[in-house]
Structure formats: structure tokens, C-alpha cells
Amino acid sequence: MFPASLQFHIAPYIDAFVKWITVQWGTFFSSLSNIILKTLLQIQAILLFIPWWFWIALVAGICWYQGRKLLNTAGLLILLLSIGVFGLWEAAMETLAIVITSVIISLVLGIPLGIIMAESRRVNSITTPLLDAMQTMPSFVYLIPAMMLFSLGKVPAVIATVIYAAPPVVRLTSLGIRQVSETILEAARAFGATSWQLMYEVKLPLAMPSILAGVNQTTMMALAMVVIASMIGAGGVGEHVLLAINRVAVGKGFEAGLAIVAMAIVIDRLTQGFARRWQPPHAG
């Protein structure tokens with residue numbers, strides 16, 4: 001047994017800090033929560049307004065345009081149809097709304113931070129350990145700060161998902177910019193490019209394949225976290241998984257799990273297709 005005299009608990013200090021921040025910053029968090037919730041509900045309303053057959057046709061068209069492969073297109077169609085066949089289409093749209101909202105916030109915050117990291121060694125040295133901690137922390141831990149500040153529901157689910165899913169796009173944006181050839185940068189400077197032009201006309205376009213890979217990874221991680229966030233009231237397909245676990249309903253859990261896998265594969269294939277279009281042509 002560890003001696004009781006040597007034990008020290010930080011829980012009372014954390015509880016006191018949470019009470020202080022909710023009192024002092026309660027109005028700010030309430031306003032932020034309202035903005036996120038309105039955005040989420042608008043996205044969800046649009047997703048549910050569009051007919052299911054239109055989504056399937058749209059995905060099929062995009063997939064065919066990206067690869068001209070009949071087998072891949074047919075596979076994605078079957079996966080999408082399976083979601084509707086299991087009666088989970090509306091729940092899938094709720095999950096997709098949370099994913100889209102979380103990814104948008106992650107990109108708005110993550111891409112600029114990645115650019116700053118690439119341009120500043122000091123910021124990079126400070127941010128890298130934080131990103132390491134965010135990526136190694138168990139995903140359930142992210143539910144705690146979201147619940148502390150935003151209670152239960154879809155908003156804390158979005159916040160927890162953003163914290164969990166943002167690191168890949170930050171890292172890969174920074175990596176892509178830092179890997180731009182110095183020869184190309186010197187040539188751009190020789191033609192009189194300013195720092196602003198160097199970033200937005202040279203570095204970002206050349207780093208776009210890496211940035212889009214980060215978008216893909218962030219989207220996949222957001223989808224994984226949304227399922228876990230059902231524990232704090234996120235709803236969607238994750239709620240069906242949670243209910244199946246609580247009721248030991250193996251069949252229902254399998255259907256919900258398959259729907260999540262279908263969404264993940266479809267999103268992954270589409271985002272990878274967009275990323276491939278930015279790849280430079282290979283010399284041959």
C-alpha cells in the first residue's frame with residue numbers, strides 16, 4: 001500500500017478552477033455553445049432535407065469522376081444503401097452533421113496553427129509536445145473538459161471531437177509547408193515574391209497534398225470520436241451502439257457498427273480521391 005501521508009490529490013483544486021471558470025466565463029461559454037449549436041442544427045437540417053437517393057447519386061458521381069472504377073463505385077453504393085436498409089439513415093445524418101461541424105472548426109483552427117508552426121521554431125517547440133499529449137491521451141478523457149464547460153448534449157460532443165481530431169491537420173499542414181523545396185522558394189524570392197505571396201502562391205499550393213491528408217485523418221478521427229461522444233448525449237449512430245451495449249443487443253449493435261464502418265469507408269475514399277488530385281504528376 002502506498003503511504004497515505006505521501007498522497008496528494010489535485011481534484012479539489014480542479015473542481016475549484018472549474019467553478020471559477022464557469023462563474024467568470026459563463027456568458028462566453030454560453031454564447032459559444034449557442035453559436036456551435038445553431039451551426040450544427042443548420043447543417044443537420046440541410047443533410048436531412050436532401051433526399052437519400054440524391055446523396056447516393058452524388059457519392060456515386062463523385063466516386064466515378066475520381067477513379068472511373070465501376071467496382072469501387074458499386075461498393076460505395078452498397079455501403080450507403082446498407083445504412084438505409086438498417087433504418088439508420090436519419091441517425092447517420094445526425095452523426096455526419098457533428099462530424100462536419102467538428103471538422104470545419106478543426107480546420108479553421110488547425111490550418112492557421114500549422115502555418116504558424118512551420119514559420120516559427122518557437123511556436124513549433126511549444127506546440128509539438130501539446131499535440132503529442134493530445135494524440136496519446138485516451139479518447140474518453142476528452143469528454144471530461146467538454147462536460148465541465150458545456151454540460152451534456154451535442155455541443156460538448158463537438159468540442160471533445162475538435163480537441164481529439166485537430167492534431168493531424170495541424171501536424172501535416174506544418175510538415176507540408178516545411179517540406180517545400182528551398183530551391184523553389186529561392187526562385188520565387190528571386191522573382192520578387194513577398195512573404196505573403198510566398199506563402200499563398202508557393203508554399204500552400206505545394207503543401208496541399210499533405211494538408212489534404214491531414215483533412216482526411218482529422219475527418220476519420222472525428223467520426224471515431226463522435227461514436228464515443230454518444231456517452232454525453234451526442235446522439236446519432238453512436239447512440240444506437242451505446243444502447244445496444246447497455247441492452248446486450250448484439251444484432252442491433254452489429255447493424256449500428258456496420259453503419260459507422262460504411263460511413264468511414266465512404267468518407268475516407270472520397271477525401272482520399274480529392275487529395276490524389278493535388279498530387280504532382282510523376283515524371284516518367
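**Entry 1: helix 4**

I began with what covers the buried residues of helix 4 in this predicted model. I found that the cover includes helix 3 (52–67), helix 5 (89–119) and helix 12 (250–276). I then listed the residues concerned: Thr73, Leu76, Leu80, Ser82 and Ile83 are buried in helix 4.

I next checked the length of helix 4, which runs over residues 70–85 and has 16 residues. From its first C-alpha to its last, helix 4 reaches 22 Å, close to the 22 Å expected at 1.5 Å a residue. I noted that Gly87 follows helix 4 and has a positive phi, near 75°.

**Entry 2: helix 11**

I turned to helix 11, residues 237–247, and looked up its buried residues, which are Val237, Gly238, Val241 and Ala244. These lie on the same side of helix 11, because they cover an arc of only 120° around the axis. I recalled that an α-helix has 3.6 residues a turn, so residues three or four places apart point the same way.

I then examined the face of helix 11 turned away from its buried side and found the exposed residues Asn246 and Arg247 there. As for partners, the buried residues of helix 11 pack against helix 5, helix 10 (195–228) and helix 12. Val248 follows helix 11, and I recorded its phi as positive, near 55°.

**Entry 3: the annotated domain**

I consulted the UniProt record, an unreviewed entry, which places the feature "domain: ABC transmembrane type-1" at residues 92–271. Over residues 92–271 I noted 85% helix and 0% strand. The end C-alpha atoms of this stretch are 18 Å apart.

Definitions and conventions:
Residues numbered from 1 in each chain as written. Predicted model: local features only at pLDDT ≥ 70, side-chain atom pairs only at ≥ 80, totals over all residues. Heavy atoms only, no water. UniProt positions renumbered as here; feature names shortened; annotations may be inferred. Helix = DSSP H or I, 4+ residues; strand = E, 2+ residues; numbered from the N terminus. Expected span 1.5 Å × (residues − 1). Buried < 20%, exposed > 50% of the residue type's maximum accessible area, 1.4 Å probe, protein only. Contact = heavy atoms within 4.5 Å. Arc of directions from axis to C-beta.
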